[in-house]
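Please open the structure in a viewer and keep the sequence panel in view.

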Amino acid sequence: MIKKLMAANWKMHKTLREATQNARELVVAIGKNLPPDREVILIPSFTALHGVGEMVAGQEGYFLGAQNFYPAKEGAFTGEISPDQLKDAGCVYALVGHSERRHVLGETDDFLAQKVSFGLEKKLKIIFCVGEKISERKQEQVEEVLTRQLEKGLEKIHKNVSALDLVIAYEPVWAIGTGETAVSEDIVQAHSFIRTKLMDILEQGKQTRILYGGSVKPDNCSSIIGLDNVDGVLVGGASLKADSFSRIVQA
Ligand code: PGA
């Protein structure tokens with residue numbers, strides 16, 4: 001069974017102690033109630049990976065993820081981190097192309113394509129994020145933007161990549177951290193468009209999971225997760241507290 005993914009992106013929040021405590025509280029709050037068709041991915045800052053990893057080690061259905069990496073084995077890349085180092089810290093997943101990396105840190109489609117392919121080569125499971133800005137939505141360019149991001153971002157990978165190894169996250173930029181969630185029709189439309197594209201690009205595009213992200217909260221998660229082609233959620237703000245994220249995971 002391909003499971004739904006409930007991913008918590010803690011961004012640049014929490015010290016080691018805070019992150020570890022949050023992970024512990026989450027495991028306790030969920031207890032034995034993790035639905036069997038769901039997996040939890042915790043994505044803390046690099047400094048907390050090891051501590052959070054220890055909290056979820058041996059807990060069935062929990063995985064550790066990283067927010068970013070550099071697409072090289074090793075070398076003179078001051079301030080960067082490699083897939084091997086992340087795997088050494090216990091990571092199974094890594095985000096690529098989060099809108100903050102694209103629009104705040106200036107990462108290009110070409111650089112992101114290198115990351116997707118190098119990360120997969122190094123056996124990290126990749127959560128590749130796509131999504132349009134508000135100006136692009138207003139100019140009715142959603143499909144154009146998604147097409148460009150998907151075609152470019154996935155252009156360097158093998159077409160037969162396993163549906164277990166590559167995940168897409170649709171995160172409309174205007175819904176991230178704003179409290180503004182896309183309405184169901186927008187989500188269904190974007191996810192169905194992404195599904196069609198994935199089926200064009202990849203052999204297993206029909207099974208590849210597509211997560212929704214952007215102001216997911218405990219009170220809107222169950223309606224979002226039930227929509228067609230929504231195979232999980234990527235949560236920022238509402239994942240920072242164990243109480244709220246545990247409700248999302250069980251929604
Ligand atoms: P948000 O962030 O849930 O705070 O909107 C989502 C994300 O950035 O992945």
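Where is the place of S162? Select this residue to begin: S162 is in the loop between α7 (142-153) and β6 (166-170). The model on display is a predicted one, and every value quoted on this tour is computed from it.

With S162 still selected, display its side chain, which reaches the backbone nitrogen of L164 at 2.9 Å. S162 counts as partly exposed because its relative accessibility is 25%. The separation is 31 Å, for residues that lie 138 apart along the chain.

**The ligand site**

The ligand is surrounded by 13 residues, of which K11, H98, E171, G177 and S215 are the closest. A polar side-chain atom of K11 is found 2.7 Å from a ligand oxygen atom. From S215, a polar backbone atom lies 2.8 Å from an oxygen atom of the ligand. At G237, a backbone N or O atom is likewise placed 2.8 Å from a ligand oxygen atom. Of the 280 Å² of accessible area that the ligand has on its own, the protein covers 97%.

**Two loop residues with positive phi**

Move to K14, in the loop that joins β1 (4-9) and α1 (16-30). Although K14 is not a glycine, its phi is positive, at about 80 degrees. K14 counts as partly exposed, since its relative accessibility is 23%.

Then select E140, which sits in the loop between α6 (134-138) and α7. E140 is another residue other than glycine with a positive phi, here near 55 degrees. Is E140 buried or exposed? It is exposed, because its relative accessible area is 73%.

**Helix α2 and its packing**

Select residues 49-56, which form helix α2. Its buried residues are L49, G51, V52, G53 and V56. Show the elements against which these residues pack: α1, β2 (38-43), β3 (62-66) and α3 (83-88). Just after the helix, select G58, where phi is positive at about 80 degrees.

**The nonpolar cores**

Which residues have the most contacts inside the largest nonpolar core? They are L42, I126, F128, L154, L166 and F245, in a core of 66 residues. Helix α8 (residues 184-201) supplies the largest share of this core, with six residues.

Center the view on L42 and show its contacts. Beyond the residues up to four places away in sequence, L42 touches A8, W10, A23, L26, V52, V56, F63, L64, G65 and F245. Among these, V52 and V56 were seen at the previous stop as buried residues of α2.

**H191 in helix α8**

Within helix α8, select H191. H191 is buried because its relative accessible area is 0%. Setting aside neighbours within four places in sequence, its contacts are Y170, I210, L211, Y212, D228, N229 and V230.

**S82, between β3 and α3**

Select S82 in the loop between β3 and α3. With a relative accessibility of 6%, S82 counts as buried. Apart from residues up to four places away in sequence, S82 touches F69, Y70, A72 and K73.

Finally, select C91 and C129 and draw the distance between their sulfur atoms. Accordingly, C91 is in no disulfide. C91 counts as buried, because its relative accessibility is 6%. C129 also counts as buried, since its relative accessibility is 1%.

Key. Residues are numbered from 1 along each chain as its sequence is written. This is a predicted model: local features need pLDDT of at least 70, side-chain atom pairs count only at pLDDT 80 or more; totals for chains, interfaces and linings use all residues. Side-chain values use heavy atoms; hydrogens and water are left out. A disulfide is a pair of cysteine sulfur atoms within 2.5 Å. Buried means under 20% relative accessible area, exposed over 50%, partly exposed in between (1.4 Å probe, protein chains only). A nonpolar core is a set of buried Ala, Val, Leu, Ile, Met, Phe, Trp, Tyr and Cys residues joined through side-chain atoms within 4.5 Å. Helices (H or I, at least four residues) and strands (E, at least two) are DSSP runs, numbered from the N terminus. Contact means heavy atoms within 4.5 Å. A residue is near a molecule or strand if one of its heavy atoms lies within 4 Å of it. A polar contact is a pair of N or O atoms within 3.5 Å; within protein, one must be able to donate a hydrogen and the other to accept it, and residues adjacent in sequence count only if both atoms are side-chain atoms. Accessible areas come from the Shrake-Rupley method with a 1.4 Å probe; for residues, only the protein chains shown count as cover.
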